[in-house]
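My notes follow in the order in which I took them.

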Amino acid sequence: MTQPRENAEESSGVVEVRAVVDRIEDGDIAVLSLDDEAKSQLDVPRQQLPEDANSDGDHLLLKFDVDAKSGERTLKSIKAAPQARAEASDRIKKMQERLARLSGADDKKNFKL
Amino acid sequence: MAAVLVIVVAVALVAFFKFYKPAPGPQLPPPSGDELSLHVLDVGQGDAILIVAPGGKTVLVDASVPGSGKKILGAMGRYGVDHIDLLITTHAHADHIGGADEVIKGTKVYKVLDSKVPNTTKNYEDFLDAVEGRVENPGDNFITATPGQTFDLGSGVIVSVLAPIQPLFTKDQLRSGGNEPNANSVVTRLDYGEFSILLTGDAEAQTEERMMEQGARLEAKVLKVGHHGSKYASSADFLRQAKFKDAVISCGAENRYGHPSQEVLDRLKAAGVRVYRTDLQGEITIKTRGKEDYQITTERQAAADEISTGRKAQKDDSAKSGFIQYGDFGPAPKPSPKSKSANSR
């Protein structure tokens, strides 16, 4: 898997990566979208997510230990990031409202392509 | 005189019940008889279905995971498609809209049909950005999916919207395993003469039930199986009512979510539905001229016992350390074929 963009602090063998719960597959496995250029995906058992951030759209902060020799990264902790979720929600709402203001199609029923 | 009247009424009643058929939904135009092709692309654990109507109109249903744009645009090139007339994004999960921004930026997309149930992910933001920036007149061409809408592709091909049905499902109404984007997936059907296919996104049993309750026109020749064959989709009642002949499951060979599940494969088999799987057979192509018969071909061959064997979910393989090694979750389990006698059609 692509390594995460070093988008936050990286010191003393620790890297923090922002992520979002894209979805929970069949109630068991959380599919996380990482905030890196490749939009990497990480699957995590749902029970490892914080109780207050284990649903679609919840934002998280992941902390990895980085092995200095091999570069291998081990996930050490997952924290909820409610502020990031609120900000994303606000941005999306504004984008949707902007598009809705332009809209004239929603009452139309039959479209000829 | 009274006896004659009784006989006339009786004959009229018999004739009515013999020949009456419930309204089939919108009046469907006659098929042109030219070829329509539908390609269920092999895009790993996601959905991307390219439809090319006889007159050249095109529909793309979903755009799979991030990074799939190149593959989808490549498939379009193979089939001589240089634009998308209608992009249907069934819901805002990354395995369905992940490559949508790449497609919108990589080709001309004229209309986008979306449930507009958001997900607070970068994928969804990038998708909205692309719609706003690249789709001409997005106010009119970014359309909220509503049952009853129809999209006329010409040549007798009609795409109709069946779901999401208002009021949308909310979090507190969801059953075990469910989530709002899946439950409110855009469900459509395509009709071309005698041919029809139901395209269900990730709709699960709860959505299927609501469509049945509302009298949605579900009967179709082919089913694009909901939610990659999840055990929570494709209920026995739904399969019984819709009377599918064939079903296509779009899922990844390395998925660890248990897709398709053995339960769904068993239900499809019990309903007499022939199954095709992208994880085992690669790209699946359906061709029809709008007559009773249609052809399904696959990129690769797979044994019947493989096709009828589900995958097991790999719920937690992190027991060793208590945490997951980044990028090293381990390969998904491979299906182990059951005996032929138990699975052959």
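I listed which residues of helix 1 of chain A meet helix 5 of chain B (contact means heavy atoms within 4.5 Å): A:Ala88, A:Arg91, A:Ile92, A:Met95, A:Gln96, A:Arg98 and A:Leu99 touch B:Tyr124, B:Glu125, B:Leu128, B:Asp129, B:Val131 and B:Glu132. By class, I find seven nonpolar, one polar and five charged residues in this contact. Ala, Val, Leu, Ile, Met, Phe, Trp, Tyr, Cys and Pro count as nonpolar, Asp, Glu, Lys and Arg as charged, and the others, Gly among them, as polar.

This is a predicted model, in which local features need pLDDT of at least 70 and side-chain atom pairs pLDDT 80 or more, while totals for chains, interfaces and linings use all residues. Residues are numbered from 1 along each chain as its sequence is written, chains are lettered from A and ligands numbered from 1 in the order written, and side-chain values use heavy atoms, without hydrogens and water.

Next I looked up the geometry of the pair. Helix 1 (residues 82-102) of chain A and helix 5 (residues 122-134) of chain B pack at about 25 degrees, with axes 11 Å apart. Axes are lines fitted to C-alpha atoms, for helices over the stretch in contact, and angles run from 0 to 180 degrees between N-to-C directions. Helices (H or I, at least four residues) and strands (E, at least two) are DSSP runs, numbered from the N terminus.

Then I turned to the sheet. Strand 8 (residues 157-163) and strand 9 (residues 187-192), both of chain B, run antiparallel and are joined by six bridges (two strands pair if DSSP finds at least two bridges between them). I noted B:Val161 opposite B:Thr188 in strand 9 of chain B.
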